[in-house]
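Here's a quick tour for anyone meeting this structure for the first time. Have a look at it below, then read on.

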Amino acid sequence: MAAVHFTAMRLIEKSAGDKLQPGEVARFINAAARMIDVYQNACLVLQKLKTKGTQRVVVQYQQVNVNEGGQAVVASKVGARVRGGTTRKKRR
C-alpha cells in the first residue's frame with residue numbers, strides 16, 4: 001500500500017512539470033488515478049480483514065418534548081473507540 005501511495009504521489013508530481021505536453025499530463029494523471037483506486041481498494045480490504053467482515057450498527061431512539069417557544073439540544077455521550085469494538089470513558 002505504501003508503494004502504491006508513493007507511486008501515485010510521484011505521478012501527480014511529474015504531471016506538474018512545466019515542459020510537458022497536455023497528452024503527457026493526462027497520461028500521468030490517469031495513471032495516478034488508477035493507482036489511487038488500487039490504494040483505496042487495499043484500504044477497504046484491510047478494514048475487512050481487521051473487522052473479520054462483521055458490521056455493527058447501533059440505533060438509539062430518544063423522545064424529546066419541546067414546548068412552544070422552547071429550544072432543545074439532544075446529544076449522547078461519546079467515548080473513544082478501542083480495539084474489540086468497546087468504548088472507554090474519557091478521563092477528566
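S15 counts as buried because its relative accessibility is 11% (buried means under 20% relative accessible area, exposed over 50%, partly exposed in between, with a 1.4 Å probe and protein chains only). This is a predicted model, where local features need pLDDT of at least 70, side-chain atom pairs count only at pLDDT 80 or more, and totals for chains, interfaces and linings use all residues. Numbering runs from 1 along each chain as its sequence is written, and side-chain values use heavy atoms, with hydrogens and water left out.

**S15 and its surroundings**
- You'll find S15 in helix 1 (helices are DSSP runs of H or I with at least four residues, numbered from the N terminus).
- Not counting residues up to four places away in sequence, S15 touches L20, V25, F28 and I29 (contact means heavy atoms within 4.5 Å).

**Helix 1 as a whole**
- V4, A8, L11 and S15 are the buried residues of helix 1.
- Those buried residues fall within an arc of 60 degrees seen down the axis of helix 1, so they line one face of the helix (the arc is that of the directions from the helix axis to the C-beta atoms).
- The buried residues of helix 1 pack against helix 2 (22-51).
- On the other side of helix 1, A2, A3, F6 and E13 are exposed.

**M35 in helix 2**
- M35 sits in helix 2 and counts as partly exposed because its relative accessibility is 23%.
- Leaving aside neighbours within four places in sequence, M35 is in contact with V4, T7, A8 and L11.
- M35 and M1 are 34 residues apart in sequence, and 9.9 Å apart in space, C-alpha to C-alpha.

How values were computed. Helices (H or I, at least four residues) and strands (E, at least two) are DSSP runs, numbered from the N terminus.
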